[in-house]
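This report concerns a helix contact and a set of aromatic rings. Please consult the sequence and the structure shown below.

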Amino acid sequence: MNELKLWLRDNLKGDPILWGIVIAFGLISILVVYSATGTLAYKKMGGNTEYFLFKHTGLIFVGLAFMWFAHKLNYKYYSRISLLALILSVPLLLFTWKFGSNLNEASRWIMIPVINQTFQPSDLAKLALISHLASMLSKRQMNITAIKETLIPLLLWCGGICGLIMLSNISTGLLLFATCMLLMFIGRVPMKYILMLVVVGAIFGSVALAVGQRMDTAISRIEKFMDKDKPVFQLEQSYIAIATGGVVGKGPGNSDQRNFLPHPYSDFIYAIIIEEYGIVGGAVILFLYLALLYRGMIVVARSSGAFGGLLSAGLSFSLVIQAMVNMGVAVGLGPVTGLPLPLLSMGGTSLIFTGISMGIILSVSRNEMEGNLPKENSLPKSKPQAENVLVHA
């Protein structure tokens, strides 16, 4: 037992509560996805229900591996590679829009032929934009109002990348745009310039809707959501799942609506959670996301540098806002979207890039914790200094 504790202490650095939250999400995800993919397994795999269990479990471990490698790398290196990743994401988004795999009248994925796995470039673009935006804001704190050096690059990157994503994925583009505005607000950008970002975003977004693939779908979903007399099929089935779940649910594996609800293992997995585990289970999931946000903000508060704080804030808000939107859609608070529930929904690249995002947050936490450790052979602090350190912490 002591050897295990030593191994965990030496290899899982950073905020231990964040590690616990991610591992808890992983275990819950395996249980719920296994239940939610039962019907899909019978349709596509001839009744082999273990296929998706093993595949999803494998992707969970792959995501955890990426998370571990990301947390081992000093977070300051992400400032250097974020621009390269952002530039790479531009042709990938354009290629996906024109030649990507089409599903539900949207081209969001590129099929990787060797491993037969889809790759969603918007996940790369989202992570790269948040990282590069945090880097630009941290480096330009002294001249944050400089038009040419600061504001124009910020506006063009945010508006351009979000617009490219909206060509085939409106909800992801809008959420990323909202995260960018929040990050700019935290980064002390004056409100008048944030309003300029709204104007630039409206221009890029309008162009993306006009030439993209999802304008008719978006209008249709909003109109159907506003029609309270006839809810859309997905929401109707979600309501049934939630209503029949009650307080404690039907129990693991006893969902009925997984047989009728489209994408019960991704877009509407929260409805399956409530059906099987009740309002109690739904509240636990909500608490875990709020705890994730709280611990992410603890990392921000303890960060000694602007880049680490902004990076942790941007990634934390991005994950939790997406989770809140997904859960809000499942309970009827918004129109239907194609957003997965981070850390829980079945997926490939979404699990990997979510793992990388969590790893970066843990990298910030790890470096700050190691930086606050007393060095060997150093003189002990005087009593007033020690008190100041405690107050600051």
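Does F69 count as buried, partly exposed or exposed? At 55% relative accessibility, F69 counts as exposed; buried means under 20% relative accessible area, exposed over 50%, and partly exposed in between (1.4 Å probe, protein chains only).

The model is predicted: local features need pLDDT of at least 70, side-chain atom pairs count only at pLDDT 80 or more, and totals for chains, interfaces and linings use all residues. Residues are numbered from 1 along each chain as its sequence is written, and side-chain values use heavy atoms, without hydrogens and water.

**Aromatic pairs**

There are four aromatic pairs in the structure, a pair being rings of Phe, Tyr and Trp (its six-membered ring) with centres within 6.5 Å; planes under 30 degrees apart count as stacked, over 60 as edge-to-face and the rest as tilted. Two of them, including their values, are listed here.

| Pair | Centres | Planes | Class |
|---|---|---|---|
| Y51 and F52 | 5.0 Å apart | at 80° | edge-to-face |
| W68 and F69 | 5.1 Å apart | at 80° | edge-to-face |

Y51 is partly exposed at 33% relative accessibility, whereas F52 is buried at 7%. W68, at 26%, is partly exposed.

**Helix contact**

The axes of helix α5 (residues 77–99) and helix α7 (residues 147–166) come within 10 Å and cross at roughly 35°. Helices are DSSP runs (H or I, at least four residues), numbered from the N terminus; axes are lines fitted to C-alpha atoms over the stretch in contact, with angles from 0 to 180 degrees between N-to-C directions. In the contact (heavy atoms within 4.5 Å), α7 contributes W157, I161, L164 and I165, and α5 contributes L83, L86, I87, S89, V90, L93 and L94.

How values were computed
Helix = DSSP H or I, 4+ residues; strand = E, 2+ residues; numbered from the N terminus.
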